[in-house]
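This report describes the architecture of one protein model with its ligand. The sequence and the structure are shown first.

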Amino acid sequence: MSRDNLNINKIYEGDSISILKTFPDKSIDLIFADPPYNLQLKNELYRPNNTKVDGVYDSWDKFASFKDYDDFCISWLKECRRILKDSGTIWVIGSYHNIFRIGNIMLDLGFWILNDVIWHKTNPMPNFLGTRFTNATETLLWCSKGESYKKYKFNHKLMKRYNGGKQMTSVWNIGLCIGNERIKGADGKKAHSTQKPEELLKRVILSSTEINDIVLDPFFGTGTTGAVAKKLGRSFVGIERDANYIQIAQKRIDGILNLLPETEWIEESKEKQIKIPFANLVKENIIKSGEVLYTRKRYDKKAEVLENGFLKCENNIGSIHRIGALIQQTRSCNGWKFWYILKDRKPYLIDDIREHYIRSRYGL
Ligand SMILES: C[S@@+](CC[C@H](N)C(=O)[O-])C[C@H]1O[C@@H](n2cnc3c(N)ncnc32)[C@H](O)[C@@H]1O
């Protein structure tokens, strides 16, 4: 098999293992892999109120046995190690279903774990049946090619700056991919069940590559890795076997016209770290006590803002999140993305009002 087939800024269609085998040795600077989780979901999950939980039921996530899954991972990880430059590193993300198997395989193949970064999801999906704790984390194993490969890239100073002057820890608090960032199909449903947040990829790529480096993602999905790589002035190579996802990813990447200058992405991260409680907006008179908030669904429910930052809706009083959850009869709700204010009959999401406030207050 010829090993000179490596086109940059291209999405290869097909099976990762076969395509990885065609790439030259030591040609890639960074690999980010978000492989199938092997969740082993036997049935669809339903909430107590009989609505279907939006989970990962896709055929790409199904393997006949643990052994099949392990064999699959051994094959693609072996190729990844071969094509990584000696200064390169690999990030593999997974949940408790697969990450321990993958960690074991990686160590057996010679990789050296540099960090196990915990992605702490700030808005996790509740455990609807109430049978376990809410699962709010995924793990990213960051590895060099081996113990003796010491000259891997790590932009320590940059990440410290990105983290507001403090050394970044291996716990990353980042929300699930929702709102405008989430790609939807024509039917308004999620285009992909496991689209990752760009913020996650930003940290991965910024910490372990330089401008113009080549970032490979062998399970490309909606192309989050390619999109962020492009924004940050890196090149990408993607592999994905589903033609529909490739189309979505290509359109997403083609739509990025401006690269994100360094100053801008540092500012963007600062902004994400500033958290303003709703009560502060009321205290500062940005949203006034006595004002009415409306829900997004045809604006048919309202709540009154109280002086202490709570909402009053009929006989219920609570936070923007609690009252939002009560209205929807769900266990949790991100009130910032749920409530609107009407100004001149136009709806404004309170999250946008908060963002606007942060920008003007902190000079961002
Ligand atoms: C967990 S998802 C990746 C999601 C992606 N990180 C994103 O942000 O959209 C895994 C992807 O790998 C693809 N996939 C699964 N097995 C594959 C294989 N053997 N070869 C190529 N792609 C595969 C699936 O179609 C799916 O889109």
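Which residue in S6 does Trp119 stand opposite? Trp119 stands opposite Trp172 in S6. The model in which this pair occurs is predicted; local features need pLDDT of at least 70, side-chain atom pairs count only at pLDDT 80 or more, and totals for chains, interfaces and linings use all residues. Residues are numbered from 1 along each chain as its sequence is written.

**Overall composition**

The secondary structure of the protein comes to 11 helices and 14 strands; helices (H or I, at least four residues) and strands (E, at least two) are DSSP runs, numbered from the N terminus. Of the 364 residues in the protein, 30% are buried. A residue counts as buried if 20 or more other C-beta atoms, placed from the backbone, lie within 10 Å of its own. Among contacts with a separation of 6 or more, 62% join residues 24 or more positions apart, a contact being two C-beta atoms, placed from the backbone, within 7 Å.

**The two sheets**

Two strands pair if DSSP finds at least two bridges between them. The sheets are set out below.

| Sheet | Strand order | Pairing |
|---|---|---|
| Open, eight strands | S1-S8-S7-S2-S3-S5-S4-S6 | mixed |
| Open, six strands | S12-S11-S10-S9-S13-S14 | antiparallel |

S4 (residues 112-121) pairs with S6 in the parallel sense over four bridges. Helix H2 packs on this sheet, touching S2 (28-33) and S3 (84-94), and its direction makes about 150° with that of S3. Helix H3 (residues 99-109) also packs on the sheet, where it touches S3 and S5 (137-144); the direction of H3 makes about 10° with that of S5.

S9 (residues 292-295) and S10 (residues 302-305) pair in the antiparallel sense over three bridges, and the bridge partner of Val292 in S10 is Glu304.

**Nonpolar cores**

A nonpolar core is a set of buried Ala, Val, Leu, Ile, Met, Phe, Trp, Tyr and Cys residues joined through C-beta atoms within 7 Å. The largest has 52 residues, of which Ile31, Phe32, Cys80, Ile90, Trp91, Ile205 and Val215 touch the most other members. Its largest share, six residues, comes from H2 (residues 66-83). Apart from it lies another core of 15 residues, including Leu311, Ile320, Ile323 and Trp339.

Helix H6 (residues 224-231) is mostly covered, with six of its eight residues buried: Thr224, Thr225, Gly226, Val228, Ala229 and Lys230. Their cover includes S2, H5 (198-208), S7 (214-217), S8 (235-240) and H7 (243-254). Just after H6, Gly233 takes a positive phi of about 75°.

Thr224 is also among the residues that come nearest to the ligand, together with Asp34, Phe219, Gly221 and Thr222, out of 18 around it; a residue is near if its C-beta atom, placed from the backbone, lies within 6 Å.

How values were computed
A residue is buried if 20 or more other C-beta atoms lie within 10 Å of its own, exposed if 12 or fewer, and partly exposed in between; C-beta atoms are placed from the backbone. Axes are lines fitted to C-alpha atoms, for helices over the stretch in contact, and angles run from 0 to 180 degrees between N-to-C directions.
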